[in-house]
Amino acid sequence: MSFNADESYTDIFDDDNSFMKQPPLPDYCQDEVQGIECISACFMKRYHACPMFYRGSLHNACQEAFKSTTIEENRPVLVYIHHDQSTYRHVFCFNILCSETLIDYLLNNYIVWPWDVTYESNRYKLKQIWKKLFPTKPLENHSLEQYPLLIGIMQQSSSEYKCKPLLICDRLTHTQKTVTRMTLLQELEVFNKECHGQEEPLVNQKAISRATSTQGLETFIKECHGQEEPLVNQKAISRATSTQGLETFIKEYYDHKEHLSLDCGARRSRFCVLL
């Protein structure tokens, strides 16, 4: 089945059985947005539910995920790579990916971007997409038995991203545990926390670069002074000796005056300075 831009995606799967027979993504699909709409339509008919897939390019998904200067508002990107000839595809989608538990979690914690590589043309398209995002780390080749794949993407710098495989077929790559709803949730939560830990210095850099106005600088200076004030007071208190302390110092000064080579006038001068 090839892709026809004039067809609606629901029309492609009009036949009750066609959505099971045909891959989710038509052959030679060159448009990322239209391709994801097709995958979503197929999954809804096959599994009656699916995660909220990001309707846009993978590059735009990453920009959307990490645009905020507030860490809590940022979400890592989860790439789902499907192969319709994999023996594990329906089990994974029915029982795990399209379950209510995963859908709810992903909606609040991830931006999910899917692609189907059943046709070689679409596998090649994904490699092109990947190369633009990760010029120095091309997408690895996987055998049919290794699908489905889940890959997490986090931000490494203001303009670079870092990817990490999370699932290969039915195995979680970090723990090597068999994937279930619970073990996948745990794996996704670990990656989410890792992503936020990596983002903290980047978010701080963004905040500093955006604080360029006079008002922003004045606020920053006031905050610094407000933070320093208690420290300065502590130093002043520790150095401000009592009257008894001064009297003790003076007594020790004169008790040891025979050891000083300075004349009396110099002693008085230094004593005045101390007071």
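How many salt bridges does the structure hold? In this predicted model, the structure holds five salt bridges. Close-up views of several follow.

View 1. Asp 84 is located in the loop that runs between strand E1 (77-82) and helix H5 (89-97). Its relative accessibility is 8%, under the 20% limit, so Asp 84 counts as buried. The side chain of Asp 84 makes a polar contact of 2.8 Å with that of His 82. Beyond its neighbours within four places in sequence, Asp 84 is in contact with several residues, including Met 20, Gln 22, Pro 23, Pro 24, Asp 116 and Thr 118.

**View 2. The salt-bridge network of Arg 46, Asp 84 and Arg 89.** These three residues are linked in a network of salt bridges. Between Asp 84 and Arg 89, the closest N and O atoms of the salt bridge are 3.7 Å apart. Arg 89 has 18% relative accessibility and therefore counts as buried.

**View 3. The salt bridge between Glu 194 and Lys 164.** The closest N and O atoms of this pair are 3.2 Å apart. Because Glu 194 lies in helix H8 (residues 181-210) and Lys 164 in strand E4 (residues 161-168), the pair ties together parts that are 30 residues apart in sequence. Glu 194 is partly exposed, at a relative accessible area of 30%, and Lys 164 is partly exposed at 28% relative accessibility.

**View 4. The salt bridge between Lys 67 and Glu 64.** The side chains of Lys 67 and Glu 64 meet at 3.3 Å, N to O. Lys 67 counts as exposed, with 51% relative accessibility, whereas Glu 64 counts as partly exposed at 36%.

Methods. Residues are numbered from 1 along each chain as its sequence is written. This is a predicted model: local features need pLDDT of at least 70, side-chain atom pairs count only at pLDDT 80 or more; totals for chains, interfaces and linings use all residues. Side-chain values use heavy atoms; hydrogens and water are left out. Helices (H or I, at least four residues) and strands (E, at least two) are DSSP runs, numbered from the N terminus. Buried means under 20% relative accessible area, exposed over 50%, partly exposed in between (1.4 Å probe, protein chains only). A polar contact is a pair of N or O atoms within 3.5 Å; within protein, one must be able to donate a hydrogen and the other to accept it, and residues adjacent in sequence count only if both atoms are side-chain atoms. Contact means heavy atoms within 4.5 Å. A salt bridge is a side-chain nitrogen of Lys or Arg within 4 Å of a carboxyl oxygen of Asp or Glu.
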